[in-house]
Amino acid sequence: QVQLVESGGGLVQAGGSLRVSCAASGRILSGNVMGWFRQAPGKEREFVADIDWTGGRTQYADSVKGRFTISRDNAKNLVYLQMNSLKPEDTAVYYCVLKEGWRTNYNYWGQGTQVTVSS
């Protein structure tokens, strides 16, 4: 089993920046993919970004491209999401996710951290 714990959420003004982190623990296999999803009130959960084991492949939702950057530190089992130029529509609970490299869907989810962007 793998446990994921997010941190770093909070309240920020529009145009500001915030970095959320996720610490993974437990039976972590190399080659995994980690990422972030988010869910805004009354909306479906949506993909934000993910990163492969080497950090050489990243993917982003169109809505965050150019503003958000995902990175990871395998030695510390951490993944980060640097969020710049934040907009009120980025307000959501942000969930850290992990899957083994061979899986299609994410099978481990964190509890989430709230990010609120005020206008």
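Strands S1 and S3 (residues 18-26) run antiparallel and are joined by 6 bridges; strands count as paired if DSSP finds at least two bridges between them. The model is predicted: local features need pLDDT of at least 70, side-chain atom pairs count only at pLDDT 80 or more, and totals for chains, interfaces and linings use all residues. Residues are numbered from 1 along each chain as its sequence is written, and side-chain values use heavy atoms, with hydrogens and water left out.

**Strand pairing**

- The bridge partner of Ala23 in S8 is Leu78.

**Faces of strand S1**

- In a regular strand the side chains alternate between the two faces of the sheet.
- S1 covers residues 2-7, and its side chains alternate.
- On one face, Val2, Leu4 and Glu6 are buried, where buried means under 20% relative accessible area, exposed means over 50%, and partly exposed lies in between (1.4 Å probe, protein chains only).

**Whole chain**

- The protein chain has 11 strands and 0 helices; both are DSSP runs numbered from the N terminus, with helices (H or I) of at least four residues and strands (E) of at least two.
- The radius of gyration is 13 Å, close to the 14 Å that the globule rule gives for 119 residues, so the protein chain is as compact as a globular protein of that length.
- That radius is taken over C-alpha atoms, and the globule rule is 2.2 Å times the number of residues to the power 0.38.
- Along the principal axes, the C-alpha atoms of the protein chain fill a box of roughly 40 × 25 × 25 Å.
- Of the 119 residues in the protein chain, 43% are buried.
- Among contacts with a separation of 6 or more, 54% are between residues 24 or more positions apart; a contact means heavy atoms within 4.5 Å.

**Surface and charge**

- The accessible surface of the protein chain is about 6,300 Å², and 46% of it belongs to carbon and sulfur atoms.
- Accessible areas come from the Shrake-Rupley method with a 1.4 Å probe, and for residues only the protein chains shown count as cover.
- There are 13 positive and 10 negative side chains, and the centres of the two sets lie 3 Å apart.
- Lys and Arg count as positive and Asp and Glu as negative, while His and the chain ends are not counted; each charge is placed at NZ of Lys, CZ of Arg, CG of Asp or CD of Glu.

**Loop residue Val64**

- Val64 lies in the loop between strand S6 (58-60) and strand S7 (68-73).
- Val64 is buried, with a relative accessible area of 0%.
- Leaving aside residues up to four places away in sequence, Val64 touches Arg38 and Val48.
- Val64 and Tyr80 are 16 residues apart along the chain, and their C-alpha atoms are separated by 15 Å.

**Positive phi in loops**

- Most residues other than glycine have a negative phi.
- Asn77, in the loop between S7 and S8, has a positive phi near 55°.
- Asn77 is partly exposed, at 28% relative accessibility.
- Ser85, in the loop between S8 and strand S9 (92-99), has a positive phi of about 50°.
- Ser85 is partly exposed, at 42% relative accessibility.
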